[in-house]
Amino acid sequence: MEEIQSQSDNYRSSSSSASSPSSRVPSSNFFYLRKPGSLRQPISFEDSPDWEDTDIEVRVEEGGDSINAATTPASPSLSKLNSGSLPSPPLPEGAVVVRKIAGASVVWKDLTVTIKGKRKYSDKVVKSSNGYALPGTMTVIMGPAKSGKSTLLRALAGRLHDSSKMYGEVFVNGARSHFPYGSYGFVERETTLIGSLTVREFLYYSALLQLPGFFCQKKSVVEDAILAMSLGDFANKLIGGHCYMKGLLYGERRRVSIARELVMRPRILFIDEPLYHLDSVSALLMMVTLKKLASTGCTLIFTIYQSSTEVFGLFDRICLLSNGNTLFFGETLACLQHFANAGFPCPIMQSPSDHFLRAINTEFDRIIAMCKNWQDEHGDLSSVNMDTAVAIRTLEATYKSSADAAAVETMILKLTEKEGPSLKSKGKASNATRIAVLTWRSLLIMSREWKYYWLRLILYMLLTLCIGTVFSGLGHSLSSVVTRVAAIFVFVSFTSLLSIAGVPAQMKEIKIYACEESNRHSGALVFLLGQLFSSIPFLFLISISSSLVFYFLIGLRDEFSLLMYFVLNFFMCLLVNEGLILVVASIWQNIFWSILTLVSIHVVMMLSAGYFRIRNALPGPVWMYPVSYIAFHTYSIQGLLENEYTRTSFAVGQVRTISGYQALRSAYDISPNSNSKWENLLVLFLMAVGYRILVFVLLQFCVRKNLSARRFFRCNWDTNNP
């Protein structure tokens, strides 16, 4: 304790600007955004919700510029400091909204989360945390990098990774944690949006995927979400996000990702880093918008790393973490007083959040070590002399023995002694509706983004034009058989290799699926069927255009039925390719490794397809069994050659003729059976189905877990992006 006291005294003396007790608590100008009005006030420690009176009536009067909420009066202790309202974003003229929103409280008691092997000093990421969040308030979880902010948020939402274990209890409305579908929303730090859709289109399709009922009913829900997140000026603007499609700024995209969850009108909204990568103006606009949302009765719980003074003044409660330990939980002004009582008052000209992180972030010890023997000429670094570990222990010990911690325990007891109204599921859209919506949405996306299929169509046309001109004018003589086999092999192999250009688009589809599936907006089967149905028109357009160019330039047999088989065979080949791409992309979830793997697979399949060496002559253990039977090139080329040479004959001399089968025996191994080409087509179809089934298994058991694990560990261990 002598060490702690000496360090505290040292830091207190170095903060000369905060030497007087009156200066340790910031003046009310930190909260200048709280203008006079009748906005709902934060509920203090002394208040306990009355479950029979939890409905909040919100009315926006015509021509009004603020939201009035009929609620229980605020605590007298806070009304003196926070007696104001926030200006609301402009509403359409004549708009009158009357809505009752039932509140939902969240309480966590002795919450501990462990992850084996991920911390050198401890496997506990969150240690015995206590706290609560009430309807109509914003509760922020703050702390430096690796403090356990995102882990605590995920534990409250029930979204921890399988490798972690949670101890303790979480209560919702006084009952043990249970979040039915649609009762809560969770917004990731980094979400995948669809850049080729407008904001209104994106939210409308999200509503169709999430909500049951008629289409017309969902339009009002979408408009409410747009209004709630102040996106009216951008509703008809493309989301963008690509180098060739600028679209919205990052702050606007963050609000769109939040609006997607608001479509369900959740009672509780969890947001991981709402200010991630936002500048000061965008951050303030985001928090003002969230404050307006909280005023309707929604319970907001989110994490934050750092904030400006203006943003800090909008928080109702703060949970301060460091290395998994709770250093404070309570109202924002009480946190400032807590630091002052512990001997670390906030200087007048410093942001409160900067001051908190300065005191508890262990990374500052590295700065102290660097500056130990050096100071600038003005001595500005002379105050950087505090041991962070001592400060953390001081703050933790002070909080445990403070009246704030006792008030939290009292409030938790009041919130859990009586069960309130249970949250109810809002119902889901049917699978048939989801498949139809995903199919139509994917068709719209593919038609707008050139990198999906339009670029591939151009590349296929150029490639087939090159192959056709190189092998043009072959004729139908016996001497052209070997060259014609080479032309068909090159066509199938090179066009299949060119399909790898679709890897980035397929990777994006998988990320969109993982993002939507994490909130149960979609499913593996729904995604696969929607993606398949939407890709069929584009694949068929590629197959028929490329087949026509190649077929007539090469001069294959001029029969309509043979041409249609050629088109159908190539179409099935493209379907198999799409399935193979989805399988590899689902396994790696990385563009570079996916492309490298696909190129290697295609090269191996080309070697075993029976062209470079007849299939029967291939080495048996590996190349013939199983590689040549796995390679779809084998069945596609064999089917096309049988389509061209079955039931044909060639004259040898003046009296002798040989069949097309005999002419091909030395160049390629085909079957003399006229129905064999249909058997090869059936094998291609079964391969396409088999790859889709394999993708379904990977999506169900691998993709979701891998992406959530990466997101989970990135949120907790990434020191470069706190």
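In which helix is V604 found? In this predicted model, where residues are numbered from 1 along each chain as its sequence is written, local features need pLDDT of at least 70, side-chain atom pairs count only at pLDDT 80 or more, and totals for chains, interfaces and linings use all residues. Side-chain values use heavy atoms, with hydrogens and water left out.

V604 is found in helix α20, where helices (H or I, at least four residues) and strands (E, at least two) are DSSP runs numbered from the N terminus. With a relative accessible area of 35%, V604 is partly exposed, a class that lies between buried (under 20%) and exposed (over 50%), as judged with a 1.4 Å probe and protein chains only. A nonpolar surface patch of about 760 Å² includes V604 and, among others, L497, F612 and W623; such patches are made of residues with over 30% relative accessible area and no salt bridge, nonpolar side chains (Val, Leu, Ile, Met, Phe, Trp, Tyr) being joined within 5 Å and like charges within 9 Å. A salt bridge is a side-chain nitrogen of Lys or Arg within 4 Å of a carboxyl oxygen of Asp or Glu, and accessible areas come from the Shrake-Rupley method with a 1.4 Å probe, only the protein chains shown counting as cover for residues. The largest share of the patch, six residues, comes from α20 (591-607).

M349, in the loop between α9 (332-341) and α10 (352-360), counts as exposed because its relative accessibility is 81%. The C-alpha atoms of M349 and T309 are separated by 9.9 Å, although these residues are 40 apart along the chain.
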